[in-house]
Amino acid sequence: QLQLVESGGGLVQPGGSLRLSCAASRVSSDYVNIAWFRQAPGKEREGVSCISSSGGRTDYTDSVKGRFTISRDNAKNTVYLQMNSLKPEDTAVYSCAGLITSVQDMCRMHEYFFPYWGQGTQVTVSS
């Protein structure tokens, strides 16, 4: 069982920055792949970024490359998504999801693989 809680969403002007946090309950064994997803009104949920259990492997969807950075602090069981140069099209509900795996460097970004989800946090980019 894995519990996830997001925080850090809000309203920001275009070009601004936000940092989202995903706090996970402790997993005593195996590895935890964490990914961020977002869903805008009227659109399908899409994978934004993922990070492996060690933090050594990351991936991003093309539309956020160079603007978003995912990282993790395993001492705090927390994954962060630093979002810079935000655009109105980044407006969405952002959710983190977790996958417990035996593969240390796994970094998946398709919702099909993730059984554990947080409640989501709203990010609105508007002037």
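A disulfide is a pair of cysteine sulfur atoms within 2.5 Å. The model on your screen is predicted, and this tour goes through it one selection at a time.

**Stop 1: the disulfides**

Select C22 and C96. Their sulfur atoms are 2.1 Å apart, and the two residues form a disulfide. The torsion about the S-S bond of C22 and C96 is about 75 degrees, so this disulfide is right-handed. C22 belongs to strand β3 and C96 to strand β9, so the link ties together parts that are 74 residues apart in sequence. Both C22 and C96 are buried.

Now select C50 and C107. A disulfide joins these two, with 2.0 Å from S to S. The link of C50 and C107 is right-handed, with 105 degrees about the S-S bond. C50 is in strand β5, while C107 is in the loop between β9 and β10, so this pair ties together parts that are 57 residues apart in sequence. C50 is buried, with a relative accessible area of 0%. C107 also counts as buried, at 10% relative accessibility.

How many disulfides does the count come to? The count comes to two. With bonded cysteines counted along the chain, the disulfides follow the pattern 1-3, 2-4.

**Stop 2: S21**

Select S21, which is found in strand β3 (residues 18-24). Is S21 buried or exposed? S21 is buried, its relative accessible area being 13%. Show the residues around S21. Leaving aside neighbours within four places in sequence, S21 is in contact with V5, E6, S7, W36, T78, V79 and Y80. Take T78 from that list: S21 and T78 are 57 residues apart in sequence, but 6.6 Å apart in space from C-alpha to C-alpha.

**Stop 3: the salt bridges**

A search of the whole structure finds five salt bridges. Three of them are visited here.

Select R38 and D90. They form a salt bridge in which the closest N and O atoms are 2.9 Å apart. R38 lies in strand β4 (residues 31-39) and D90 in the loop between β8 (78-83) and β9 (92-101), so the pair ties together parts that are 52 residues apart in sequence. R38 is buried, at a relative accessible area of 7%. D90 counts as buried too, at 1% relative accessibility.

Next select E111 and R45. In this salt bridge the closest N and O atoms are 2.8 Å apart. E111 sits in the loop between β9 and β10 (116-117), and R45 in the loop between β4 and β5 (46-51), so the pair ties together parts that are 66 residues apart in sequence. E111 counts as partly exposed, at 31% relative accessibility. R45 counts as partly exposed, also at 31%.

Then select K65 and D62. Their side chains meet in a salt bridge, 3.1 Å from N to O. K65 is partly exposed, with a relative accessible area of 47%. D62 counts as exposed, at 61% relative accessibility.

Finish this stop by selecting R38, E46, R67 and D90 together. Salt bridges that share partners join these residues into one network.

**Stop 4: the aromatic rings**

The structure holds three aromatic pairs. Select F37 and F114. They form an edge-to-face pair, 5.5 Å centre to centre, with 75 degrees between the planes. This pair links distant parts of the chain, for F37 is in strand β4 and F114 is in the loop between β9 and β10, 77 residues apart. F37 and F114 are both buried.

Move to Y112 and F113. The ring centres of Y112 and F113 are 5.3 Å apart and the planes are at 85 degrees, so this pair is edge-to-face. Y112 counts as exposed, at 69% relative accessibility. F113 is partly exposed, with a relative accessible area of 33%.

**Stop 5: charges over rings**

Where does the charged end of R45 sit? The charged end of R45 sits over the ring of W117, 3.9 Å from the ring centre.

Last, select R108 and F113. The charged end of R108 sits over the ring of F113, at 4.2 Å from its centre. F113 is also the ring that pairs with Y112.

Terms used: Residues numbered from 1 in each chain as written. Predicted model: local features only at pLDDT ≥ 70, side-chain atom pairs only at ≥ 80, totals over all residues. Heavy atoms only, no water. Salt bridge = Lys/Arg side-chain N within 4 Å of Asp/Glu carboxyl O. Helix = DSSP H or I, 4+ residues; strand = E, 2+ residues; numbered from the N terminus. Buried < 20%, exposed > 50% of the residue type's maximum accessible area, 1.4 Å probe, protein only. Contact = heavy atoms within 4.5 Å. Phe/Tyr/Trp six-rings, centres within 6.5 Å; stacked < 30°, edge-to-face > 60°. Lys NZ or Arg CZ within 6 Å of the ring centre and 35° of its normal.
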